[in-house]
Amino acid sequence: MLDDPAELGTLFRRGELDRDFVAVVRFQGPRANGMPEMHSLMPVLGLLQDRGHRVALVTDGRLSGASGKVPAAIHIVPEAACGGPLARVRTGDLVRVDAAENRLDVRVPAADLDARSADPAPAAALGLGRDLFGVFRRQVGDATMGASLFGDPS
């Protein structure tokens, strides 16, 4: 479970990703930090697949273009910054991505998941001028509605 996409590369370089896993990258939606491109994660995930590992990506962010051979569940709504389910996922939770069945499951008992408090968006979502656009992030709709400022935000 990552709140900063750059952490994936750091973990890879340290050799901590030589296994099967689902990379859950949260707080990347329009309300958190404006939906930065997640495509930079694909080379690392692709290399791990080439090594024989089963990997996938789950994010409330965006992934333009093809994800290639890596299964990816993107634009998860409601996004983590709005208290969506990804804000309750913890490192070590079993996450199942089944592209053939079009399913995404967090294998934690529903009562346990519901009882968890939603993590707040990390301070890293700000900075680089993003804090100037806070008023827009508070008003933007969810990704399924085009992350628009016009209309009723979710």
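Before anything else, one term, since I'll be using it a lot: a pocket here is an open set of grid points, on a 1 Å grid over the protein atoms alone, with protein on both sides within 12 Å along at least five of seven lines, and a residue lines it if it has an atom within 4 Å of a point. With that in hand, the second largest pocket has 13 lining residues, and Val22, Arg54, Val95, Arg96 and Val97 are the ones nearest its centre. We'll come back to that one. And please keep in mind that this is a predicted model.

So, the overall picture. The protein chain has 154 residues, and 38% of them count as buried. Its secondary structure comes to 4 helices and 5 strands.

What order do the strands of the open sheet come in? It's S1-S2-S3, 3 strands, with parallel pairing. S1, residues 21-25, and S3 are the edge strands; each has a single partner, so one side of each has no neighbour in the sheet.

Let's look at the two pairings. S1 and S2 run parallel and are joined by 5 bridges. S2, which is residues 55-59, pairs with S3 over 2 bridges, again in the parallel sense. You can follow a line across the sheet here: Ala23 stands opposite Leu57 in S2, and Leu57 in turn stands opposite Ala72 in S3.

What packs on this sheet? Helix H2, residues 42-50, does, touching S1 and S2, and its direction makes about 155° with that of S2. On H2 itself, the buried residues are Met42, Val44, Leu45, Gly46, Leu48 and Gln49. Those buried residues pack against H1, S1 and S2. After H2 comes Gly52, and its phi is positive, near 100°.

Staying with the sheet, S1 is mostly covered, with 4 of its 5 residues buried. And over in strand S2 there's Thr59. Is Thr59 buried or exposed? Its relative accessible area is 0%, so it counts as buried, the cut-off being under 20%. Who is around it? Leaving out neighbours within four places in sequence, Thr59 is in contact with Val25, Gln28, Met38, Ala73, Ile74, His75, Ile76 and Leu86.

For a contrast, let's go to Ala81. Where does Ala81 sit? You'll find it in the loop between strand S3, residues 72-73, and strand S4, residues 95-98. Ala81 has a relative accessible area of 34%, and because that falls between 20% and 50%, it's partly exposed. If we skip residues up to four places away in sequence, Ala81 touches Phe27, Arg31, Ala32 and Asp60. Take Asp60 from that list: it's 21 residues from Ala81 along the chain, and their C-alpha atoms are separated by 9.2 Å.

In general, rolling a probe the size of a water molecule over the atoms shows where empty space is left. The largest pocket holds about 380 Å³ of space. It's lined by 18 residues, and nearest its centre are Met1, Arg19, Phe21, Val22 and Gly92. Which elements give two or more residues to that lining? Helix H1, residues 6-13, and S1. S1 gives the most, with 4 residues. By type, the lining of the largest pocket divides into 12 nonpolar, 2 polar and 4 charged residues.

And back to the second largest pocket, as promised. About 260 Å³ of space lies in there. S1, S2 and S4 each supply at least two residues of its lining, and S4 gives the most, with 4 residues. How does that lining divide by type? There are 8 nonpolar residues, no polar ones and 5 charged.

Definitions and conventions. Residues are numbered from 1 along each chain as its sequence is written. This is a predicted model: local features need pLDDT of at least 70, side-chain atom pairs count only at pLDDT 80 or more; totals for chains, interfaces and linings use all residues. Side-chain values use heavy atoms; hydrogens and water are left out. Buried means under 20% relative accessible area, exposed over 50%, partly exposed in between (1.4 Å probe, protein chains only). Contact means heavy atoms within 4.5 Å. Two strands pair if DSSP finds at least two bridges between them. Axes are lines fitted to C-alpha atoms, for helices over the stretch in contact, and angles run from 0 to 180 degrees between N-to-C directions. On a 1 Å grid over the protein atoms alone, a cavity is a set of points where a 1.4 Å probe fits but cannot get out, and a pocket is an open set with protein on both sides within 12 Å along at least five of seven lines; lining residues have an atom within 4 Å of a point. Grid points are joined across faces, edges and corners, and a volume is the space filled by probe spheres set on the points. Ala, Val, Leu, Ile, Met, Phe, Trp, Tyr, Cys and Pro count as nonpolar, Asp, Glu, Lys and Arg as charged, and the others, Gly among them, as polar.
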